[in-house]
Amino acid sequence: MTPIELHTYQTPNGHKASIMLEETGLPYSVHVVDIDKGRQHEPEFLRLNPNNKIPVIVDPDRHRTVFETGAILFYLAERSGALRPRDADEALTTLQWTLFQAAHLGPMLGQLWHFKVFARERLPYAIERYENEATRLLAILDHELARRPYLVGAQYGIADIMTWPWINALSKLGRSLAHTPHLKRWHAAIAARPAVRRGIAIPHIAAD
Ligand SMILES: N[C@@H](CCC(=O)N[C@@H](CS)C(=O)NCC(=O)O)C(=O)O
């Protein structure tokens, strides 16, 4: 099979795709899109994703380009047969937690990151709003994970890969998992997976 192209950068969203590729064992090549230098706005990249966001995958054998990590993960599960929901019920629950990540956890933590780390002006109202949203969403995940090992049930899967890189990045936002013990247990279990350790090292970016 021709390797799948992964267009990515060292970020939580990029890591969802690289972890999934590592879990599937599909051959792939890495193409660094330096979003710190604005490469995601260049015409060549916009042809892959008009929404100027990494990651994107290109599957040359299927003439298929996919952006949005939820779609990428479902595509790679189908393509490889790995981590595929086992029945319609599991597929629907997986989609539900995938959309929860894409619609809530990702955007809220992304905004918190923006206002805490990048904003030129310190805006206490914005920081408080997104801190509170983060606390609320983490409590939901902790409550769910008190009742089962992984987001969809007994098995690790796509919904966990969607969510884990953002939980893993919380320490960069000055937040710990001390008050969410079930989320902490889940985070540690996934962090120990060899494919996850390899996935978060991608792309390797040499220091200047
Ligand atoms: N919902 C998108 C989010 C992707 C995303 O926000 N990517 C960020 C990096 S973590 C990005 O490329 N930002 C560049 C920009 O906004 O210009 C997904 O799940 O793929």
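This report describes a predicted model, from its domains and strands to its ligand shell and selected residues.

## Basis of the model

Residues are numbered from 1 along each chain, in the order in which its sequence is written. Because the model is predicted, local features need pLDDT of at least 70 and side-chain atom pairs count only at pLDDT 80 or more, while totals for chains, interfaces and linings use all residues.

## Domains

The domain assignment of the protein gives domain 1 (4-83) and domain 2 (88-193); such bounds come from an automatic or database domain assignment. The C-alpha centres of domain 1 and domain 2 are 21 Å apart. To the contact, domain 1 gives 11 residues and domain 2 gives 10 residues, where two residues are in contact if their C-beta atoms, placed from the backbone, lie within 7 Å.

On the side of domain 1 that touches domain 2, the elements that give two or more residues are helix 1 and helix 3 (69-80). Helices (H or I, at least four residues) and strands (E, at least two) are DSSP runs, numbered from the N terminus. By class, this side of domain 1 has 7 nonpolar, 3 polar and 1 charged residues. Ala, Val, Leu, Ile, Met, Phe, Trp, Tyr, Cys and Pro count as nonpolar, Asp, Glu, Lys and Arg as charged, and the others, Gly among them, as polar.

## Strand pairing

Strand 1 (residues 4-8) pairs with strand 2 (residues 28-32) in the parallel sense, over 5 bridges; two strands pair if DSSP finds at least two bridges between them. Threonine 8 is placed opposite valine 32 in strand 2. From strand 1 the chain passes through helix 1 to strand 2, and this β-α-β crossover is right-handed. The term applies if, with the strands pointing away from the viewer, the path from the first strand over the helix to the second runs clockwise.

Strand 1 also pairs with strand 3 (residues 56-59), in the antiparallel sense and over 3 bridges. Here glutamate 5 has valine 58 in strand 3 as its bridge partner. Strand 3 in turn pairs with strand 4 (residues 64-67), in the antiparallel sense over 4 bridges, and valine 56 stands opposite phenylalanine 67 in strand 4. Strand 3 and strand 4 form a hairpin with 4 residues between them, and histidine 63 in the turn has a positive phi of about 50°.

## The ligand shell

The residues that surround the ligand are Thr11, Pro12, Asn13, Ile35, Gln40, Asn52, Lys53, Ile54, Glu68, Thr69, Ala102 and Gly106. A residue is near a molecule if its C-beta atom, placed from the backbone, lies within 6 Å of it. Helix 1 (12-24) and helix 4 (88-118) are the elements that give two or more residues to this shell. The shell divides into 4 nonpolar, 6 polar and 2 charged residues.

## Backbone geometry

Most residues other than glycine have a negative phi, and most peptide bonds are trans. Asparagine 52 has a positive phi, near 40°, and is found in the loop between helix 2 and strand 3. Asparagine 52 counts as partly exposed because 16 other C-beta atoms lie within 10 Å; a residue is buried if 20 or more other C-beta atoms lie within 10 Å of its own, exposed if 12 or fewer, and partly exposed in between, with C-beta atoms placed from the backbone. Glutamate 68, in the loop between strand 4 and helix 3, has a positive phi near 75°. With 17 C-beta neighbours inside 10 Å, glutamate 68 is partly exposed.

The peptide bond from isoleucine 54 to proline 55 is cis, with omega near 0°, and proline 55 belongs to the loop between helix 2 (43-46) and strand 3. Another cis peptide bond joins isoleucine 202 and proline 203, with omega about -5°. Proline 203 is found in the segment after helix 8 (194-199).

## Two residues in the later part of the chain

Threonine 163 is located in helix 6 and counts as buried because it has 26 C-beta neighbours inside 10 Å. Not counting residues up to four places away in sequence, threonine 163 touches Gln101, Leu105 and Leu151. Threonine 163 and leucine 105 are 58 residues apart in sequence, and their C-alpha atoms are 7.9 Å apart in space.

Glycine 153 lies in the loop between helix 5 (124-145) and helix 6 (158-168). Glycine 153 has 16 C-beta neighbours inside 10 Å and therefore counts as partly exposed.
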